[in-house]
Amino acid sequence: MYKRFATILAVLASATLAPAWGAADTPVESTPIFHKMIQVNAHLRSYKAAVHVDAAMKSFPPISPSFDGTVYFKQPDKQAVIFDTVPILAGTLKKVYPHVEPPGLWPSLYTMSLVGDENGTTTIRLVPKKHGRVAHLDVKADDANATIKSMTWTYEDGGSITFDQTFTSIDGNFLLKSQSGHVDLPSYKADVKSAFSNYKLNVPVADSVFKESS
C-alpha cells in the first residue's frame, strides 16, 4: 500500500436493478451498474475507522506480522491509513497495497470496457490511459447492490494483486467490513487480511492527516 489504503473505496448502492447491457462495445458510462456505483454514499463527507491487518509474507522475510491503525476518508477522494506503530514491514506492505480512485474519476483515468456478466456479477476492465506498471485492473461489481466484490490488478511484469471484500451498512452508508488479498509480484508475495470497525461518519478530518500518510 502507498500509505493510503486502496480500498477505502466504499462502492455500493441500495438500488436492486440488474445492469442492462448487451453489445460488448456498450460504453461503461451509460450502463445502470456504473451509474449506481458513482452514486454510492452520496452524502458521506468523511469518516475514520479502526483497521486490523494480518499479513503472511511469502517472500523474505517469511513472517506473519499484524498491524493496527486508523483509516481516513475525506471527499472527494482523499484516503489514508496511519498505523499505531510503523515498523519497516508496515511500510513495505503499504508500497504494494494498491490505490483505486472513486468510480466517478475512472472515465478520465482509464479506458473502460465490460468484459463479463455472470452469476450476478459484472466485470469492468480498467486500462490506464497513462502508461505505467499496471496493465489493467478488473473490477467485479455485484449487480444487486453495486458493491465491488473483488479487484485484480495485472502488472506489465506479469505480477498480480487480488483483493476480495465485504461491506457493512451504517446509517444508510455501505462501508468496508473486511478485505482479503493475495499479492503475487516478482519481488514480493504475501496474503493480507484486513478488518474494519468503529466507524465514525462525517467527522472533521484535517488535511494534514493525508500529508502525514503520503
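This briefing walks through the strand layout and the salt bridges of the structure above. The model is a predicted one. An open sheet of 10 strands with antiparallel pairing runs through the picture, and a search of the whole structure finds 5 salt bridges.

**The sheet**

- Reading across the sheet, the strand order is β3-β2-β1-β10-β9-β8-β7-β6-β5-β4.
- Strands β3 (78–83) and β4 (110–118) stand at the edges with a single partner strand each, so one side of each has no neighbour in the sheet.
- From one strand to the next, the twist averages 20°.
- Strands β1 (residues 46–57) and β10 (residues 188–201) run antiparallel and are joined by 10 bridges.

- K58 and D191 meet through their side chains at 3.5 Å, N to O.
- Here K58 sits in the loop between β1 and β2 (66–74), while D191 is in strand β10, 133 residues apart.
- D191 is partly exposed, at 28% relative accessibility.
- K74 and D207 form another salt bridge, at 2.9 Å from N to O.
- K74 belongs to strand β2 and D207 to the loop between β10 and α4 (208–212), so this pair ties together parts 133 residues apart in sequence.
- K74, K78 and D207 are linked in a network of salt bridges.

**A pair in β5 and β6**

- R125 and D138 form a salt bridge, with their closest N and O atoms 2.7 Å apart.
- R125 lies in strand β5 (residues 121–128) and D138 in strand β6 (residues 134–142), 13 residues apart.
- At 29% relative accessibility R125 is partly exposed, whereas D138, at 15%, counts as buried.

Definitions and conventions
Residues numbered from 1 in each chain as written. Predicted model: local features only at pLDDT ≥ 70, side-chain atom pairs only at ≥ 80, totals over all residues. Heavy atoms only, no water. Pairing = 2+ DSSP bridges. Helix = DSSP H or I, 4+ residues; strand = E, 2+ residues; numbered from the N terminus. Axes fitted to C-alpha atoms, helices over the stretch in contact; angles between N-to-C directions. Salt bridge = Lys/Arg side-chain N within 4 Å of Asp/Glu carboxyl O. Buried < 20%, exposed > 50% of the residue type's maximum accessible area, 1.4 Å probe, protein only.
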